[in-house]
Amino acid sequence: MLVTGLEILKKARAEGYGVGAFNTNNMEFTQAILEAAEEMKSPVILALSEGAMKYGGRALTRMVVALAQEARVPVAVHLDHGSSYESVLKALREGFTSVMIDKSHEDFETNVRETKRVVEAAHAVGVTVEAELGRLAGIEEHVAVDEKDALLTNPEEARIFMERTGADYLAVAIGTSHGAYKGKGRPFIDHPRLERIAALVPAPLVLHGASAVPQALVERFRAAGGEIGEASGIHPEDIKKAIALGIAKINTDTDLRLAFTALVRETLGKNPKEFDPRKYLGPAREAVKEVVKSRMELFGSVGKA
Ligand code: G3H
Ligand code: 13P
Ligand code: ZN
């Protein structure tokens, strides 16, 4: 069933588990995510970026909303990193039940003003809103405190920001970053900062850039001819600890992309004569589903639907 993001996330924060927001761009990813959620009896958030909406157009948005409505578990359809008021309005018109306005690169006052405007429009049609405060960046352990402070979310600012904007959930910057290169070794996550934010902000908190970039997946991608540098992701224990401290929504895109592409490469490599797309998209879809399931287990959302 299609529900708002807040409906899913409020319960998650109250009960201390996390819910995955998984990015989709096509039919195979959408099916993999929804099948995993139904099999695991887990709530889930289907995230579409502006890039996804541009790539898939109405075919994608209509499919995603229709499948979410039919699902046997709670599903929110979410705009990921909405960059403008207009972009949010487009998502609202398409029937999304959750939108993100990301003005984290603007100054504080602009972020407040633009977020507030989006909150008013979204709430008027019963849709809930994610906002972001702080800059997503990989932080080296030895980076000076004031440098970290300049990039990462300030707890007191977060409290004021949420009070002034009326946003429903907040993406925080605590050291994670997007993509497959999150820093050497085990990327630094500022859990004490998260604890301070969570003490001041009762709303569900959101972790972007949370992919694990599992070494086994990186090796598989390489073995199948893919080229990738010194990839690294967020350690599962660091995710668990963040959930215990108040993170309720965990975004994952990179792990799914890696799994899908590794399997396409592997299948085509083993079967050079194959040109039926279903023969390589099918196994790739299965691989995405397996990653989604294991993320749900890690987040503790299994059986929470
Ligand atoms: O955070 C961004 C997501 O991974 C989506 O990426 O803008 O390439 O679709 P995209
Ligand atoms: P990853 O690149 O770590 O998967 O993060 C995805 C994300 O934050 C989407 O908004
Ligand atoms: Zn993100």
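Colleague: Why are helix 7 and helix 8 called roughly parallel to each other?

Modeller: Helix 7 and helix 8 (residues 191-200) pack at an angle of about 30°, with their axes 8 Å apart. Angles under 35 degrees count as roughly parallel, those over 145 as roughly antiparallel, those from 65 to 115 as roughly perpendicular, and the rest as oblique. The two helices are therefore roughly parallel. Axes here are lines fitted to C-alpha atoms, for helices over the stretch in contact, and angles run from 0 to 180 degrees between N-to-C directions. This is a predicted model, in which local features need pLDDT of at least 70 and side-chain atom pairs count only at pLDDT 80 or more, while totals for chains, interfaces and linings use all residues. Residues are numbered from 1 along each chain as its sequence is written, and chains are lettered from A and ligands numbered from 1 in the order in which they are written.

Colleague: Which residues of helix 7 and helix 8 meet?

Modeller: Pro 155, Glu 156, Ala 158 and Arg 159 of helix 7 meet Arg 193, Arg 196, Ile 197 and Leu 200 of helix 8; contact requires C-beta atoms, placed from the backbone, to lie within 7 Å. By class, this contact has four nonpolar, no polar and four charged residues. Ala, Val, Leu, Ile, Met, Phe, Trp, Tyr, Cys and Pro count as nonpolar, Asp, Glu, Lys and Arg as charged, and the others, Gly among them, as polar.

Colleague: What pairing do the barrel strands show?

Modeller: The pairing is parallel, and eight strands close in the order 1-2-3-4-5-6-7-8. Pairing requires at least two bridges found by DSSP; strand 1 (residues 19-23) and strand 8 (residues 247-252) are joined by four. Helices (H or I, at least four residues) and strands (E, at least two) are DSSP runs, numbered from the N terminus.

Colleague: Which residues are around ligand 1?

Modeller: They are Asn 23, Ser 49, Gly 51, Ala 52, Asp 80, His 81, His 178 and Asp 253; a residue is near a molecule or strand if its C-beta atom, placed from the backbone, lies within 6 Å of it. Helix 3 (50-70) and strand 3 (75-82) each give two or more residues to this shell. The shell has one nonpolar, five polar and two charged residues.

Terms used
Contact = placed C-beta atoms within 7 Å.
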